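User: I would like to learn how to read a structure feature by feature. Can you take me through one, with the general idea before each case?

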Amino acid sequence: QVQLVESGGGLVQAGGSLRLSCAASGLTFRNYAMGWYRQAPGKERELVARIGSGGTTIYAESLKGRFTISRDNAKNTVYLQMNSLKPEDTAVYYCAARRPLSTNTADYWGQGTQVTVSS
């Protein structure tokens with residue numbers, strides 16, 4: 001079965017950096033679009049960034065320039081580099097995978113990793 005396992009979350013001071021990783025298994029990783037989403041307390045889950053099977057990237061407008069998504073198909077892993085973190089970036093960050101030609105936001109989700117940014 002498909003598994004997405006996030007790691008790299010934690011507590012960081014404002015202005016700091018974190019790199020999240022998502023290791024995927026049970027799927028042909030190179031064919032899948034991968035994404036990072038986040039959900040803050042009391043808010044809906046929102047897109048952070050997405051990377052297509054060909055490497056095309058999409059970012060939430062408000063996060064451009066601070067966050068970078070990348071993928072390593074040899075390692076079946078997608079990354080999210082987060083710089084200049086702000087308290088409002090505090091959220092649970094989820095990895096997601098979307099099958100080729102799927103019209104869903106995502107077909108598979110990870111369990112999430114907590115990111116807390118202190119002021």
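User: Let me begin with accessibility. Does Leu101 count as buried or exposed?

Analyst: Keep in mind that this is a predicted model. Anything over 50% relative accessible area counts as exposed. Leu101 counts as exposed because its relative accessibility is 87%. Leu101 sits in the loop between strand 9 and strand 10 (108-109).

User: What should I look at in its backbone?

Analyst: Look at phi. Most residues other than glycine have a negative phi. Leu101 has a positive phi, near 70°.

User: Which phi does Ser84 have?

Analyst: Ser84 has a positive phi of about 50°, and it is not a glycine. Ser84 belongs to the loop between strand 8 and strand 9. With 41% relative accessibility, Ser84 counts as partly exposed.

User: Where does Asn83 lie, and what is it in contact with?

Analyst: Asn83 also lies in the loop between strand 8 and strand 9. Leaving aside neighbours within four places in sequence, Asn83 is in contact with Gly16, Ser17, Arg66 and Phe67. Its relative accessibility is 28%, so Asn83 counts as partly exposed. For a sense of distance, take Thr105, which is 22 residues away along the chain from Asn83. The C-alpha atoms of the two are separated by 25 Å.

User: What does Thr90 touch?

Analyst: Thr90 is found in the loop between strand 8 and strand 9. Beyond four places in sequence, its contacts are Ala40, Gln114, Val115, Thr116 and Val117. Thr90 and Ser25 are 65 residues apart along the chain, and their C-alpha atoms are separated by 27 Å.

User: Which way does strand 7 run against strand 8, and how many bridges join them?

Analyst: Strand 7 and strand 8 (residues 77-82) run antiparallel, joined by six bridges. Thr68 stands opposite Gln81 in strand 8. Then check the turn. The hairpin has four residues between the strands, and Asn76 takes a positive phi near 55°.

User: How many residues of strand 4 are buried?

Analyst: Six of the seven residues in strand 4 are buried, and the strand is mostly covered. Next, look at its partners. Strand 4 pairs with strand 9 in the antiparallel sense over seven bridges. Strand 4 also pairs with strand 5 in the antiparallel sense, over five bridges. Arg38 shows both pairings: its bridge partner in strand 9 is Tyr93, and in strand 5 Arg38 stands opposite Glu46.

User: What is in the turn between strand 4 and strand 5?

Analyst: The two strands form a hairpin with six residues between them. Gly42 in the turn has a positive phi of about 80°.

User: Which residues have the most contacts inside the largest nonpolar core?

Analyst: That core has 30 residues. Those with the most contacts inside it are Met34, Trp36, Val78, Leu80, Met82 and Tyr93. Strand 3 (18-25), strand 4, strand 5 (46-51), strand 7, strand 8, strand 9 and strand 11 (113-118) each supply at least two residues of the core. Take Met34 in detail. Beyond four places in sequence, its contacts include Leu4, Cys22, Phe29, Ile69, Val78 and Cys95. Arg50 and Arg71 are also among them.

User: How many cavities of 30 Å³ or more does the structure hold?

Analyst: It holds one. About 30 Å³ of space lies in the largest cavity. Its lining includes Met34, Tyr37, Arg50, Arg98 and Thr105. Strand 4 (33-39) and strand 9 (91-98) are the elements that give two or more residues to this lining. Strand 4 gives the most, with four residues.

User: How does the lining divide by class?

Analyst: The lining of the largest cavity has six nonpolar, two polar and two charged residues.

Note on methods
Residues are numbered from 1 along each chain as its sequence is written. This is a predicted model: local features need pLDDT of at least 70, side-chain atom pairs count only at pLDDT 80 or more; totals for chains, interfaces and linings use all residues. Side-chain values use heavy atoms; hydrogens and water are left out. Two strands pair if DSSP finds at least two bridges between them. On a 1 Å grid over the protein atoms alone, a cavity is a set of points where a 1.4 Å probe fits but cannot get out, and a pocket is an open set with protein on both sides within 12 Å along at least five of seven lines; lining residues have an atom within 4 Å of a point. Grid points are joined across faces, edges and corners, and a volume is the space filled by probe spheres set on the points. Ala, Val, Leu, Ile, Met, Phe, Trp, Tyr, Cys and Pro count as nonpolar, Asp, Glu, Lys and Arg as charged, and the others, Gly among them, as polar. A nonpolar core is a set of buried Ala, Val, Leu, Ile, Met, Phe, Trp, Tyr and Cys residues joined through side-chain atoms within 4.5 Å. Buried means under 20% relative accessible area, exposed over 50%, partly exposed in between (1.4 Å probe, protein chains only). Contact means heavy atoms within 4.5 Å.
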